[in-house]
Amino acid sequence: MSAPQLESLYQEIILDHYRKPHHRGLRDPYEAEVHHLNPTCGDEITLRVHLDGETVADVSYEGHGCSISQASASVMTDLVIGKPIGEATAVHEEFLRLMQSKGELEPDEDVLEDAVAFAGVSRYPARIKCALLAWMAWKDATAQAVDQTGGSE
Ligand code: ZN
């Protein structure tokens, strides 16, 4: 696929998640709820994490802001729900690496699935925070939920 074709495919994936977000809405039960802002763009997210032992049983959220921030929340929930915390954290780290790559990294589709669509965002420093907002909220809420449930270690 040529670069412009890939770019428009990526835009389509992002718009699709923006228009039809997955796992949206705040649900019970949950162990931790956080509210994160991206003041430079005006994006906001309220996010809840529900753990079942070591598994991310549910991630629910409400938010508003630009298409990148909202689509990223939708993609993130697809990637972490149902995974062990360790595995979900590894995906988070891979996404962080992609965002810090300035467009130089070939995204790993096996790990990142639809999140590969944000590869181009890493070339625009002002938008990276949009793409990372939901992931940072998830990381924060998960750490609190682990504390709440006593954790395993
Ligand atoms: Zn934004």
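1. Cys 130 is buried, its relative accessible area being 0%; buried means under 20% relative accessible area, exposed over 50% and partly exposed in between, with a 1.4 Å probe and protein chains only. Cys 41, at 32% relative accessibility, counts as partly exposed.

2. The model is predicted: local features need pLDDT of at least 70 and side-chain atom pairs pLDDT 80 or more, whereas totals for chains, interfaces and linings use all residues. Residues are numbered from 1 along each chain as its sequence is written, and side-chain values use heavy atoms, without hydrogens and water.

3. The zinc ion is coordinated at 2.1 to 2.7 Å by Cys 41 (SG), Asp 43 (OD), Asp 43 (OD), Cys 66 (SG) and Cys 130 (SG). Cys 41 lies in the loop between β1 (32–38) and β2 (43–52), and Cys 130 lies in helix α5 (residues 125–148), 89 residues apart. Donors are N, O and S atoms within 2.8 Å of the metal (3.2 Å for Na, K and Ca); water is not among the atoms, so the site may look incomplete. Helices (H or I, at least four residues) and strands (E, at least two) are DSSP runs, numbered from the N terminus.

4. The axes of α3 and α5 come within 11 Å and cross at roughly 155 degrees, which makes α3 roughly antiparallel to α5. Axes are lines fitted to C-alpha atoms, for helices over the stretch in contact, with angles from 0 to 180 degrees between N-to-C directions; angles over 145 degrees count as roughly antiparallel, under 35 as roughly parallel, 65 to 115 as roughly perpendicular and the rest as oblique.

5. Phe 118 touches Ile 14, Ile 68, Ala 71, Ser 72, Val 75, Phe 95, Met 99 and Ala 131, leaving aside residues up to four places away in sequence; contact means heavy atoms within 4.5 Å.
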